[in-house]
Amino acid sequence: MRRKAQSRTPVHWWAVFDTLSDKLQSALGDLRGRGTLDEEAISRAMREVRLALLEADVNFDVVRGFVAQVRERALGQDVQKSLTPGQQVVKVVHEELTALMGAGSSQLAFSPRPPTTILLAGLQGSGKTTAAGKLALLLQNDGRRPALVAADLQRPAAIDQLIQLGQQVGVPVYAEERADPVRAVRDGIERAKADDRDVVILDTAGRLHVDEPLMAELAAVRKEAKPTNVLLVLDAMTGQEAVNVAQAFQERVDFDGVLMTKLDGDARGGAALSVKAVTGKPIKLASVGEKLDALEWFHPDRMASRILGMGDVLTLIERAEAAVADDEKEELERRMLAGEFTFDDFLKSYKMLRRMGPLQGVLKLVPGLGKQLEGLDQVNERELGRVEAIILSMTPRERRVPHVIDASRRRRIAAGSGTTVAQVNQLIEARRQMAKMMKSMGSGKMPSLPGMQVPGMSPPGNGKPRPSATRKSSSKRKKKKAKR
């Protein structure tokens, strides 16, 4: 009997762990600014941390051990004697979260004598075949020469799916053998050697549950392949069931690490926080979207920083480097820091940001901007396209020298781009503010975002003033009247 497919509500890659992140930041918020800490304050915070982790579907024993370790260190002399004990507790939580998810490198082992063989194992429906295609693309982008071997002969569509994925990513797929998985692996590895491929990815068969036939076949394939890496593919959306599957596999087949799929499908992330503590095996890779390029190396320290609202500078740098050429980057950086920010620069910046991923997600990687972005609606891709249309409707001189754009030119640009004069005015003002912000950053000042309208991102409440802000301003007017 087949398992009923789970309904999947997509979550953006930058929203992974968002629910847990909000609750942990709230639990630790009271401690951050404190100059002294007593046992009661720490106990109260630890209770909230414990609830947040349990609600995130983290394994109960893992939560108990984590909270006990953090509490012990928070009450220790190193924290209590610190000048900023509240910040030290946050640092302790960060370190323990990193250890929980697996401190150290997430990289795979590569054989000094190619080809390196990577065996993917897991249950049916965990996303093994798609993960094989994504891994091939990731390794190819890293300068490797991968090949795919179809060793899942149980599911009829698996071979066809793998061949299609191979064509999409430009990687050869060896799928001649259709009866014996051991022979399929042997022939595939031989073909890879002959074709000078330095990595072979084996897509093995899965079952609906862990059983003897599955394990026997997996053991036979492993014996033949002698893989450099064995990765267990787990579906993050199954929560604690994924951890139970990992334990069952660990008892039968020793694996080196976990490839977590569908991590974008659930904002809780309990499986990702539990699997290392329960099995002792780290998460090596995480799939954070349906596209073939949505597979990332898993960095526990960076993920811990994101969860605690500290941003993720290293990932931000990597995304920026991948999105823009070095010479283009240096020239744009020089002009932006000098305040020379034309509409041509504006358009280049927008295109670069769009290549880096969703704008709201990119901004969340910047330390300190997480809270400033609260209340902002999701980025509207159609709005971003409208921004490009407005800029491309300008003449080259208007893009280079924005101050020449008078009222008649604005009407012409609006007509040419299919927008309104108000939208053109908004973009012109946004460019002016961004030029001012970049110039202040160049002089060493950190600007604040609130009040600055970013094209493509709706303001809180769809542009309406917040009630609290209205009340505050009206109370100030009453006080002024009273003084008069």
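**Close-up views of a predicted model**

**View 1. Strand β6 sits under cover.** In this predicted model, β6 is mostly covered, with five of its five residues buried. Which residues of β6 lie on each side? G257, L259 and T261 are on one side, V258 and M260 are on the other, and all are buried, so that both faces of the strand are covered. As a reminder, side chains in a regular strand alternate between the two faces of the sheet.

**View 2. β5 alongside β6.** Here β5 and β6 run parallel and are joined by five bridges.

**View 3. The whole sheet, strand by strand.** Step back and you get an open sheet of eight strands with mixed pairing, in the order β3-β2-β4-β1-β5-β6-β7-β8. Why is one side of β3 and of β8 left without a neighbour in the sheet? β3 (173–174) and β8 (295–297) stand at the edges and each has a single partner strand, so one side of each has no neighbour there.

**View 4. β2 meets β4.** Another piece of the sheet pairs β2 (residues 146–151) with β4 (residues 199–204) in the parallel sense, over six bridges. One handy landmark is L148, whose bridge partner in β4 is I201.

**View 5. Two helices on the sheet.** Helix α10 (residues 240–252) packs on the sheet and touches β1 (116–121) and β5 (229–235). Its direction makes about 150° with that of β5. Helix α11 (residues 270–279) packs on the sheet too, touching β5, β6 (257–261) and β7 (283–287). For α11, the direction makes about 170° with that of β6.

**View 6. α8 against α9.** How do these two helices pack? Helix α8 (residues 181–194) and helix α9 (residues 212–225) have their axes 9 Å apart and pack at an angle of about 25°, which makes α8 roughly parallel to α9. Their crossing is right-handed. On the α8 side, the contact is made by P181, V182, V185, R186 and I189, and α9 brings E217, A220, V221, E224 and A225. Sort the contact residues by class and you get seven nonpolar, three charged and no polar ones.

View 7. Zoomed all the way out, the protein has 21 helices and eight strands. Of its 484 residues, 48% count as buried. Among contacts between residues at least 6 apart in sequence, 74% join residues at least 24 apart.

Terms used: Residues numbered from 1 in each chain as written. Predicted model: local features only at pLDDT ≥ 70, side-chain atom pairs only at ≥ 80, totals over all residues. Heavy atoms only, no water. Pairing = 2+ DSSP bridges. Helix = DSSP H or I, 4+ residues; strand = E, 2+ residues; numbered from the N terminus. Contact = heavy atoms within 4.5 Å. Axes fitted to C-alpha atoms, helices over the stretch in contact; angles between N-to-C directions. Parallel < 35°, antiparallel > 145°, perpendicular 65-115°, else oblique. Left-handed = near helix turned anticlockwise from the far one by under 90°. Nonpolar A, V, L, I, M, F, W, Y, C, P; charged D, E, K, R; others polar. Buried < 20%, exposed > 50% of the residue type's maximum accessible area, 1.4 Å probe, protein only.
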